[in-house]
Amino acid sequence: MSDQFIRTRLLVGDAPLERLQNAKVAVFGVGGVGGYAVEALARSGVGTLHLYDDDTVSESNLNRQLAALHSTIGQPKAEVMARRVRDINPTCQVEAIRLFYLPQNADQVDLSPYDYVVDCIDTVAAKLELVTRCNALQAKIISAMGTGNKFDPSALVVTDISKTQGCPLARTMRKELRKRGIHHLKVVYSTELPAPPLRSADYEPPQTTETRPGSAARRDTPGSTPFVPAAAGLLLASTVVREIGGF
């Protein structure tokens with residue numbers, strides 16, 4: 001019988017792959033960072049993946065998101081990624097959940113069955129809600145911090161949020177989590193300082209309208225590259241896979 005995980009098995013052995021096959025992982029947000037996390041989790045043999053996102057693919061996603069192709073513009077990202085996972089590993093029990101996770105609808109999601117929760121949400125209120133609920137359940141979670149306006153994928157690290165410096169999102173999360181009595185959170189963050197947005201007499205960033213609830217036309221949309229969000233997603237997945245697999 002063929003074994004699509006033979007190269008992984010040669011590196012880690014049978015027991016870690018069995019643990020991964022029996023694992024249930026939730027990924028919240030499957031855009032630039034989350035899409036690559038999903039891809040790596042699927043290729044590592046995680047047996048059950050639940051993908052939470054209600055955004056649709058747009059043209060501006062084409063520079064960095066796995067779900068984004070000209071042929072998928074307008075399609076739900078979670079469903080595009082679920083189809084991709086099934087094509088990568090047909091035995092994976094993958095489910096696309098069309099939901100923007102927010103404090104208002106958080107009760108709809110039961111986090112208790114998951115072996116690991118991967119937070120790739122890009123709104124502070126939703127991230128705080130997800131982390132707070134995981135903390136109350138003592139559920140394992142890892143969160144992505146900001147990857148916008150950055151160029152250097154080698155500056156990404158896995159660390160505790162208490163050790164982060166220079167990341168505006170991590171600073172806000174750290175402050176708000178302390179108010180909730182939470183002082184530790186495993187994160188992927190970049191030590192690179194964000195580049196200032198490009199504005200000059202010759203160029204002004206266009207207004208964009210996000211599809212996320214409560215968002216509107218804005219001029220502070222961050223710039224992005226193909227490699228920093230991708231590297232962050234791979235670091236997230238690597239941490240989850242190694243902890244579940246035990247290697």
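**Reading the labels**

Analyst: Happy to! Let's begin with Lys186, which has a relative accessible area of 32% and is therefore partly exposed, since that class runs between 20% and 50%. Please keep in mind that this is a predicted model.

User: What makes the contact of Glu243 with Lys186 a salt bridge?

Analyst: The closest N and O atoms of Glu243 and Lys186 are 2.4 Å apart, and the cut-off is 4 Å. The pair links distant parts of the chain, with Glu243 in helix H7 and Lys186 in strand E7, 57 residues apart.

User: Which class does Glu243 fall into, buried or exposed or partly exposed?

Analyst: Glu243 has 28% relative accessibility, so Glu243 counts as partly exposed.

User: How do you know that Lys140 also forms a salt bridge with Glu243?

Analyst: For Lys140 and Glu243 the closest N and O atoms are 2.6 Å apart, and within 4 Å is what the term asks for. Lys140 sits in the loop between helix H5 and E5 while Glu243 sits in helix H7, so this pair ties together parts that are 103 residues apart in sequence. With 41% relative accessibility, Lys140 counts as partly exposed.

User: Why is Glu176 called buried?

Analyst: Its relative accessible area is 19%, and buried means under 20%, so Glu176 gets that label. Its salt-bridge partner is Lys179, with the closest N and O atoms 3.1 Å apart. Lys179, at 58% relative accessibility, counts as exposed, as the cut-off for that class is over 50%.

User: Why is the pair of Phe28 and Tyr52 called stacked?

Analyst: The ring centres of Phe28 and Tyr52 are 4.3 Å apart, with 5° between the planes. Pairing needs centres within 6.5 Å, and planes under 30 degrees apart count as stacked. Phe28 lies in strand E1 and Tyr52 in strand E2, so the pair ties together parts 24 residues apart in sequence. Phe28 counts as buried at 0% relative accessibility, and Tyr52 counts as buried at 8%.

User: And what makes the pair of Phe28 and Tyr101 edge-to-face?

Analyst: Here the planes of Phe28 and Tyr101 stand at 75° and the centres are 5.1 Å apart, so the pair is edge-to-face; the angle needed is over 60 degrees. Tyr101 lies in the loop between strand E3 and strand E4, and Phe28 in strand E1, so parts 73 residues apart in sequence are tied together. Tyr101 is buried too, at 5% relative accessibility. Phe28, Tyr52 and Tyr101 form one aromatic cluster.

User: How do you know that the span of helix H7 is close to the expected one?

Analyst: Helix H7 has 19 residues and reaches 26 Å from its first C-alpha to its last, against 27 Å expected at 1.5 Å a residue. Just after H7, Gly246 takes a positive phi of about 80°.

User: Which residues touch the most other members of the largest nonpolar core?

Analyst: Val25, Val27, Leu41, Leu49 and Leu51 do, in a core of 42 residues. H7 gives this core its largest share, 8 residues. Leaving out residues up to four places away in sequence, Leu41 touches Val25, Val27, Val46, Leu49, Ala237, Val240 and Val241.

Terms used. Residues are numbered from 1 along each chain as its sequence is written. This is a predicted model: local features need pLDDT of at least 70, side-chain atom pairs count only at pLDDT 80 or more; totals for chains, interfaces and linings use all residues. Side-chain values use heavy atoms; hydrogens and water are left out. Helices (H or I, at least four residues) and strands (E, at least two) are DSSP runs, numbered from the N terminus. The expected span of a helix is 1.5 Å times one less than its number of residues. Rings of Phe, Tyr and Trp (its six-membered ring) pair if their centres lie within 6.5 Å; planes under 30 degrees apart count as stacked, over 60 as edge-to-face and the rest as tilted. Buried means under 20% relative accessible area, exposed over 50%, partly exposed in between (1.4 Å probe, protein chains only). A nonpolar core is a set of buried Ala, Val, Leu, Ile, Met, Phe, Trp, Tyr and Cys residues joined through side-chain atoms within 4.5 Å. Contact means heavy atoms within 4.5 Å. A salt bridge is a side-chain nitrogen of Lys or Arg within 4 Å of a carboxyl oxygen of Asp or Glu.
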